[in-house]
Amino acid sequence: MDDDLDQALDAVGPRLRALRQQRETTLAELSAATGISVSTLSRLESGARRPTLELLLPLAKAHGVTLDELVDAPPTGDPRIHLRPITRHGMTLLPLTRRAGGIQAYKFVIQASDRPAEPDPQTHEGYEWVYVLNGRLRLVLGDHDLVLSPGEAAEFDTRVPHWFGSADTEPVEFLSLFGRQGERAHLRARPKRQ
């Protein structure tokens, strides 16, 4: 094994101990939750035993972390793209695209609220296509005030003032394809004839 892998594996034990202590869980309780013996858990935490995938998977599940977080795996793909949810203005945005440039894909979730939000239309460069998965999406687009239901889509130039929100007090989920330089999604309605 190379030095980087050895260092990563050596760091797992202290990370396991810290996670268990943060949760104020005993080795016996963790053993009951994972099916891993107390002695094996103790040896993993002290570094006397090398972690294996068979041991790490149930531990990650018990601690509520991903396997990557448990072993502090290095990021993969484009380091400029972080596929972690971002919450802003009452919306959770999850990037679905790893590559930089071109059309980007996102999933938006607008949480339920006691009353619908007040529209605050914005403009920026680009072109957007949205597709509603669940709930009813209110789209204010220039002078138009639209409500899209599941299965409905809209596309527009983002230089037109626009705003998204729930059409009522229920949550909304939708997908967005966004081209920063105005790229458009190309849709084919039927297969090409041969």
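pLDDT is the predictor's confidence in each residue, on a scale from 0 to 100. The structure described here is a predicted model. The mean pLDDT of the protein is 84, and 85% of the residues reach a value of 70 or more. Among the elements, strand β5, formed by residues 137–141, has the highest mean pLDDT, at 96, whereas helix α5, residues 67–71, has the lowest, at 76. Where pLDDT is low, predicted coordinates should not be read in detail.

An open sheet is built from six strands, arranged in the order β1-β2-β3-β9-β4-β7. The pairing within this sheet is antiparallel. Strands β1 (86–88) and β7 (153–157) lie at the edges, each pairing on one side only. On average, neighbouring strands of the sheet are turned by 25 degrees against each other, direction ignored.

Strand β3 covers residues 103–110 and strand β9 covers residues 172–179; the two are joined in the antiparallel sense over eight bridges. One of the residues involved is Ile 103, whose bridge partner in β9 is Gly 179.

Helix α3 spans residues 38–46. Four of its residues, Thr 40, Leu 41, Leu 44 and Glu 45, are buried. These residues lie on the same side of α3, because the arc they cover around the axis is only 135 degrees. Just after α3 comes Gly 47, which takes a positive phi of about 90 degrees.

Conventions. Residues numbered from 1 in each chain as written. Predicted model: local features only at pLDDT ≥ 70, side-chain atom pairs only at ≥ 80, totals over all residues. Heavy atoms only, no water. Pairing = 2+ DSSP bridges. Axes fitted to C-alpha atoms, helices over the stretch in contact; angles between N-to-C directions. Buried < 20%, exposed > 50% of the residue type's maximum accessible area, 1.4 Å probe, protein only. Arc of directions from axis to C-beta.
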